[in-house]
Amino acid sequence: MDSISLTLSVPVKDSFDLIVCGGGIAGCAAALEGARLGLKTLLLEKSCLLGGLATIGLVNYYEPLCNGRGVQVLRGLAEEFLLLSIRYGYDTLPGVWKNGRPAEKTEVRYQTEFDPYLFGMALCERLTDEGVTILFDCAAAQPVIEGGVCRGVMTDSKSGFAFYACRQLVDATGDSEMAAKAGMPTADGKNYFSYFPRTITLDSCREAAESGRINRAVRTVPGGAADLYGGGQTADMPLYYGASAENTSDYLIRNQKLVLSKFRDGDRQSRMLIMTPMMPQFRCIRRIEGDYTMTEDDAYRHFPDSVCAINDFDRRDFLFEVPRSAMTRKGFDNITAAGRCVSAEGYAWDAVRVIPAAVATGQASAHMAARAVREKKPVWDTDLAALQSGLEEKTVAVHFDDALVPPDADSVNKRVKKL
Ligand SMILES: Cc1cc2nc3c(=O)[nH]c(=O)nc-3n(C[C@H](O)[C@H](O)[C@H](O)COP(=O)(O)OP(=O)(O)OC[C@H]3O[C@@H](n4cnc5c(N)ncnc54)[C@H](O)[C@@H]3O)c2cc1C
């Protein structure tokens with residue numbers, strides 16, 4: 001491929017303890033926790049609303065915080081953000097979970113739908129009230145690396161390129177863009193054809209008014225309708241990668257034409273397309289190749305360097321721990337991956353990337369960064385006991401409780417195989 005070389009003179013704008021690249025749900029957790037831990041924190045978000053896929057990507061379903069047997073596993077910011085997601089808007093939170101731990105055993109899960117845009121704004125309110133500096137409409141363009149250490153980030157915005165120095169960087173871009181540009185090895189995902197815009201119709205509004213449930217006014221009109229496991233993927237549709245403009249554009253053009261085809265007929269005065277995903281609905285784009293890569297076989301495995309325990313979103317009982325080594329890589333001393341960027345493959349990537357788990361790894365990444373600053377050590381080599389007790393002080397379960405592991409754990413449920 002032909003290439004050109006550029007020499008740029010870029011203004012140095014400011015200096016931060018922590019720069020979080022990407023204001024999705026993981027990045028919001030990292031930035032908020034970073035500020036709470038006393039780090040001067042900058043959050044860079046290329047769009048105009050926080051929350052990423054969970055908000056502008058219209059994935060407004062907060063997967064469960066519990067094991068499906070009435071026991072809550074995810075706490076800390078994962079729970080704080082669930083409650084924030086419904087602070088201003090409607091919810092579908094089951095009654096048994098409305099007042100803390102259910103009185104009796106239940107298979108009803110601690111999960112909810114939420115209003116994506118109100119949640120995005122509530123995140124902005126919470127983060128700015130607690131001291132996070134946010135730059136919207138500002139892309140993290142290039143990490144500047146010297147000797148395996150990230151010295152800061154070059155940004156690209158309407159005012160041009162600028163440089164912000166940092167001591168620690170969290171990559172929460174959803175596709176490991178910063179880690180990849182820093183030279184860290186990464187692995188690509190493959191994505192089915194999913195695109196779920198929303199419409200209202202006169203009929204749906206009537207039904208919502210009659211039921212008193214505003215969410216019933218909104219209906220999905222899919223382009224590609226593939227689900228997580230590939231159900232609904234047609235043979236003529238390619239699998240998408242997502243980390244290139246050409247590939248993403250092909251996905252968007254096909255999808256938008258498909259959606260339009262569903263509006264060709266019918267009464268134009270009776271319906272309105274009111275929401276469309278402002279990010280491609282790709283589940284797994286690119287993740288780091290960390291010092292450890294989680295797999296489905298890690299279910300029910302304790303890691304000495306675990307930074308959070310997570311429950312499965314789909315299958316009852318299933319529990320994982322996320323080790324620090326899945327969020328870092330030796331040789332990259334001050335870069336931590338959070339959310340969808342964490343090193344996991346197959347079904348484990350799914351388990352670790354859904355909203356509550358992404359929040360948990362975001363929260364953990366801030367603690368890892370804070371310890372590295374305090375100890376002046378690589379982020380993968382700080383005092384583990386201090387890191388874990390710091391998380392536990394914030395109510396995070398670092399390890400899952402063995403009492404929650406079913407007796408037949410080795411064979412149970414291990415049937416879902418992903419791409
Ligand atoms: C079709 C679909 C259905 C799903 N269903 C559910 C569900 O029902 N429940 C659930 O819990 N999860 C679901 N998920 C998964 C979940 O939504 C995501 O995995 C999770 O929200 C990812 O959060 P994140 O913060 O890691 O990444 P993202 O949400 O991708 O956030 C990354 C953020 O970084 C920003 N960004 C990227 N690059 C840059 C840059 N260079 N500079 C500045 N900003 C940048 C982006 O704009 C974005 O805001 C679904 C996902 C898909 C695709």
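Helices here are DSSP runs of H or I with at least four residues, strands are runs of E with at least two, and both are numbered from the N terminus. On that basis, the protein chain has 9 helices and 16 strands. Its radius of gyration, taken over C-alpha atoms, is 21 Å, close to the 22 Å from the globule rule (2.2 Å times the number of residues to the power 0.38) for 419 residues, so the chain is as compact as a globular protein of that length.

Mind the ground rules: this is a predicted model, where local features need pLDDT of at least 70, side-chain atom pairs count only at pLDDT 80 or more, and totals for chains, interfaces and linings use all residues. Residues are numbered from 1 along each chain as its sequence is written.

Of the 419 residues, 46% are buried (20 or more other C-beta atoms within 10 Å of a residue's own, with C-beta atoms placed from the backbone).

Now for helix 2, residues 77-85: L77, A78, F81, L82 and S85 are buried. They span an arc of only 145 degrees around the axis (using directions from the axis to the C-beta atoms), which puts them on the same side of helix 2. The table lists some of what covers them, where contact means C-beta atoms, placed from the backbone, within 7 Å.

| Covering element | Residues |
|---|---|
| Helix 1 | 25-36 |
| Strand 3 | 61-62 |
| Strand 4 | 112-113 |
| Helix 3 | 116-129 |
| Helix 8 | 355-375 |

Elsewhere, 3 strands make an open antiparallel sheet in the order 11-10-12, pairing being at least two DSSP bridges between strands. Strand 11 (219-220) and strand 12 (271-275) are the edges.

Terms used. Buried ≥ 20, exposed ≤ 12 C-beta atoms within 10 Å, placed from the backbone. Contact = placed C-beta atoms within 7 Å.
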